[in-house]
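Here are my notes for your first look at this chain. Keep the structure open while you read, and take the points in order.

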Amino acid sequence: MEATETKKNTKVVKTAKAKVPVSMEAVVYSHTGKESKKITLPENVFGLPWNADLVHQVATSLMSSQRTPVAHTKNRGEVSGGGKKPWRQKGTGRARHGSTRSPIWVGGGVTHGPRNDKDYTRKVNKKMKAKALYMILSAKYKKGQIMFVDKLSFTEPKTKEAKNVLVSLSKIDGFNDLVSKKKNSAYITIPAKDMAVERSFSNFNTMFVDEIRNMNPLDLLQYKYLIVANPETGLPQIAGKLETTKKTATK
């Protein structure tokens, strides 16, 4: 009896588990594929949990806004002809018709058909877009699909030099299929516009080069790897996307 009473009277005390601090350090490689240094990544950009609903909403809205309507049909008022009544109203034994351009006639207008003047634009809040961008970056960082390169520069556009850089970077663990992947291999970001770099990688249909300030969730979702050149200069531009939205909101 005493043993049972002690079991009933004892209270289970749940202790909160202490959060283990996540190291947000990343290795920066040279264009030859060797470790150059380490940088500290902002946790509010690369340490967010995944929210599939938010990312899906932002991605579908951006794709809908990029949609360009092409298919177009004419209604009965836009089809040429049909001004004359095909036959008199009564006395013929046939059904009454007022125009040969009615939708039930061959060669007539189309009812509820596709129109190229339809607007598919969907509004996306700046905070939602920035948050979705950070979540995708966090997911790619956890999967080891982000590479930081100290510098990418060419004196002139040379595809051969760009290929040598890709071959050197593909020797890094986790990026072995950087060159062999047939579709959507890597999204390369540069801190500022550099025509030599863009033209050097333009002959690779699996690569896409753009300024880091133009980074958006759709591009990140389309390509497997993300290569960030000059991270000391580029990362503050990414981290500032959410800060600018906060400033505009306070104004």
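1. How many helices and strands does the secondary structure of the chain come to? The count is 8 helices and 6 strands. Keep in mind that this is a predicted model. Read from the N terminus, the elements follow the order α-β-β-α-α-α-β-α-β-α-β-α-β-α.

2. Next, the chain as a whole. It has 251 residues, and 36% of them are buried. The accessible surface is about 16,500 Å², with 52% of it belonging to carbon and sulfur atoms. Take the contacts with a separation of 6 or more: 68% of these come from residues 24 or more positions apart.

3. Now the largest nonpolar core. It holds 34 residues. Phe 46, Leu 137, Phe 148 and Met 215 touch the most other members. Several elements each supply at least two residues of this core, among them strand S1 (25-29), helix H3 (52-65), strand S3 (146-149) and helix H8 (231-250). Helix H4 gives the most, with 7 residues.

4. Turn to strands S4 (residues 186-190) and S5. They run parallel, and 5 bridges join them. Thr 189 stands opposite Asp 210 in S5. Together with helix H6 (residues 195-200), the two strands make a right-handed β-α-β unit. Strand S5 (residues 207-211) is mostly covered, with 4 of its 5 residues buried.

5. Which residues of helix H5 (residues 159-169) are buried? They are Ala 162, Val 165, Leu 166, Ser 168 and Leu 169. These residues cover an arc of only 160 degrees around the axis, so they sit on the same side of H5. What do they pack against? The partners are S3, H6, S5 and S6.

6. Last, Glu 198, which has its place in helix H6. Is Glu 198 buried or exposed? Its relative accessible area is 17%, and buried means under 20%, so Glu 198 counts as buried. Not counting residues up to four places away in sequence, Glu 198 touches Ile 190, Lys 193 and Val 209.

Technical notes. Residues are numbered from 1 along each chain as its sequence is written. This is a predicted model: local features need pLDDT of at least 70, side-chain atom pairs count only at pLDDT 80 or more; totals for chains, interfaces and linings use all residues. Side-chain values use heavy atoms; hydrogens and water are left out. A nonpolar core is a set of buried Ala, Val, Leu, Ile, Met, Phe, Trp, Tyr and Cys residues joined through side-chain atoms within 4.5 Å. Buried means under 20% relative accessible area, exposed over 50%, partly exposed in between (1.4 Å probe, protein chains only). Two strands pair if DSSP finds at least two bridges between them. A crossover is right-handed if, with the strands pointing away from the viewer, the path from the first strand over the helix to the second runs clockwise. The arc is that of the directions from the helix axis to the C-beta atoms. Contact means heavy atoms within 4.5 Å. Accessible areas come from the Shrake-Rupley method with a 1.4 Å probe; for residues, only the protein chains shown count as cover.
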